[in-house]
Structure formats: structure tokens, C-alpha cells
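Reader: Can you walk me through this one? I'd like to go over the strands, the charged pairs and the surface.

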Amino acid sequence: MDLIDRYTYAVTRSLPQSQRKEVESELRSNIQDMVEAERGTPDERVRKVLASLGRPETLAMSYSGAKQYLIGPEWYAAYMRALRVIVGVATLVALLVFTTSHLSTDESVVGKIISIILGAIDGAILAAFGVTMVFVFFERSKSHESRYNEVMAWSVDDLPHVPAKHQAAKR
Amino acid sequence: MRRGTIVLALLSQLTTARYGYDLLQKLKSAAFTIDAGTLYPLLRRLESQGVLESTWDTTESRPRKYYRLSAEGEAFYTSLKREWYEMTDAINTMIKE
């Protein structure tokens, strides 16, 4: 009995308060039904059933229906595109800024290069973090679908123009 | 492929009211095994979506939560069945060629 208490507690503790009691009673009644159908000593039966239900955290996630990802497939393509562009630009800007600011310092040449490279890496990481947070926000926002449709509305007119060199190669 | 069929299998058994473990056994005896850890949360989710309705029966040895199709769920089940037949017919025709 103690094991069942511990299991139902482990499952329900991460659920919203409003769902806890209901899920707890239902899960307990299901577990008791399953235990009755098993064979062995009472303790063995309980252990068998709880093991078959698996990790309580996993079960809790299925109950809560919470998203188990930060950025889903709908946003992924847009996210990757934004990530490439913005991280690229941020790295270039950081390189430029740090190069100009370190030119006038009295560090050794190697010291300057290292500072500039570290600065650029910082810029890239910051940009990647910022872009990721924005897309996580998009993913989590309530009006997700309508916002997605608004941002991602696609028409045939949106097709990119083929660059001149590709056209030349084809002919 | 299995993901979509679980719901259909579940709904097919819920034209009469059943509780979690009963349903698990029923599906198992029909050679459609599903993890208890998948079934129980799914029942709750389908209920919150209005497909199933539930009542607690406290007259038996222990309180049990019974689920069955709601009116909305019956319509959903009918349309899922139609889709299933259409899809299996199409696939059967193709793989027999």
C-alpha cells in the first residue's frame, strides 16, 4: 500500500492542483485492479504493476499533456532560417565592434586576436539564445495557430527568384 | 500508424461504459495490446476534449471511473470509422496489385 501511495504521489505532484485529486483516485483504483489480477505475494504484485506502469515522471507528462519540446516541427524551419541569419549578422557585428575597440589597446597581437574571437563567440551565443527564446515564446503562446498562420502565410508570389548564375547553368 | 489506430480501437470499445483496467483487458483479448501508462492518460485527454464522458461508480468494492462515448464522441467515432474503411480499402487495393 505504501508503494502505491508513493507512486501516485510521484505522478500527481507535478500536476496542476485542480487535477491532482481526480487523477490520484483514478490511478489508484486502476492500480488496485491490476494488482488483483497479478500473481505472487502482495508486495511482489504491487511491484510488478508499478514497474509495468514505468517512470512516474513520464506518466505525469502524459497526464498533463504538456509540450515535451521547446520548438515544434511547425516552427522549426523558420527557426533555423532565423538562427542562421541572425547569428551570422551578430557574429559579424561583434567581430567589427571588438576589432575596432581592441585596435587601440596595448595588448600583444595574439592577445588582441583572442579577445576579438572570444567577443565574436559571445555575440553568436547571445544571438542564438535570443532567437531561441523568441521562438519558444511563439511555440508556447496561446493563439499559436493563428499567429503561425499570420507569420507563415505563404503564397506562390513568395517564391524566391533564381539567382542569375543558376539560370545560366541551366541553359 | 499505430498512433491513430489506438484512438479508434479505444472508441470502438466505449459504446458501453467501461473503467480503465476493464478496457485494458478488453483490448488485450482482442489482440490489441496497449500500455496501461498510455491508456489511462489518453482516456482523460479524450474526456477533456469532449469525446468521452465519465461517471464515478462508488457502489462496487472500490470506486471506479467509468468512461463512455459522449454524443459528440459518437459522431467522431462514426467519422473515424469511415476514414478507416476508406484508407484500408485504398491500401488493400494497392498492395494486392
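**Strands, charges and a patch**

Author: Tyr19(B) has Tyr66(B), in strand 3 of chain B, as its bridge partner. Keep in mind that this is a predicted model.

Reader: How many bridges join strand 1 of chain B to strand 3 of chain B?

Author: Two bridges join them, and the strands run antiparallel. Strand 1 of chain B covers residues 18–19.

Reader: And how many join strand 2 of chain B to strand 3?

Author: Six, again antiparallel, with strand 2 of chain B spanning residues 52–57. The two form a hairpin with six residues between them. In that pairing, Trp56(B) stands opposite Lys65(B).

Reader: Is strand 3 of chain B enclosed or open?

Author: Five of its six residues, within 64–69, are buried, so strand 3 of chain B is largely enclosed by the rest of the structure. Lys65(B) counts as buried because its relative accessibility is 3%, under the 20% cut-off.

Reader: What about Arg64(B), which salt bridge does that form?

Author: One with Asp33(A), where the closest N and O atoms are 2.5 Å apart. This pair also crosses between chains, from strand 3 of chain B to helix 2 of chain A. Arg64(B) and Asp33(A) are both buried. They belong to a network of salt bridges that also links Glu36(A), Glu60(B) and Arg62(B).

Reader: How many salt bridges over all chains?

Author: The whole structure has 13. One of them is between the side chains of Asp2(A) and Arg6(A), at 3.8 Å from N to O.

Reader: How far apart are Asp2(A) and Arg6(A) in helix 1 of chain A?

Author: Four residues, so about one helical turn separates them in that helix, residues 2–12. Arg6(A) counts as exposed, at 53% relative accessibility.

Reader: Changing topic. Which residues make the nonpolar surface patch?

Author: Val109(A), Val110(A), Ile113(A), Ile114(A), Ile117(A), Leu118(A), Ile121(A) and Ile125(A), covering about 760 Å².

Reader: Where is Ile114(A)?

Author: In helix 6 of chain A, residues 109–140. Ile114(A) is partly exposed, with a relative accessible area of 46%.

Key. Residues numbered from 1 in each chain as written. Chains lettered and ligands numbered in written order. Predicted model: local features only at pLDDT ≥ 70, side-chain atom pairs only at ≥ 80, totals over all residues. Heavy atoms only, no water. Patch = residues over 30% accessible without salt bridge, like charges linked within 9 Å, V, L, I, M, F, W, Y side chains within 5 Å. Areas by Shrake-Rupley, 256 points an atom, 1.4 Å probe, with all protein chains shown as cover. Salt bridge = Lys/Arg side-chain N within 4 Å of Asp/Glu carboxyl O. Buried < 20%, exposed > 50% of the residue type's maximum accessible area, 1.4 Å probe, protein only. Pairing = 2+ DSSP bridges.
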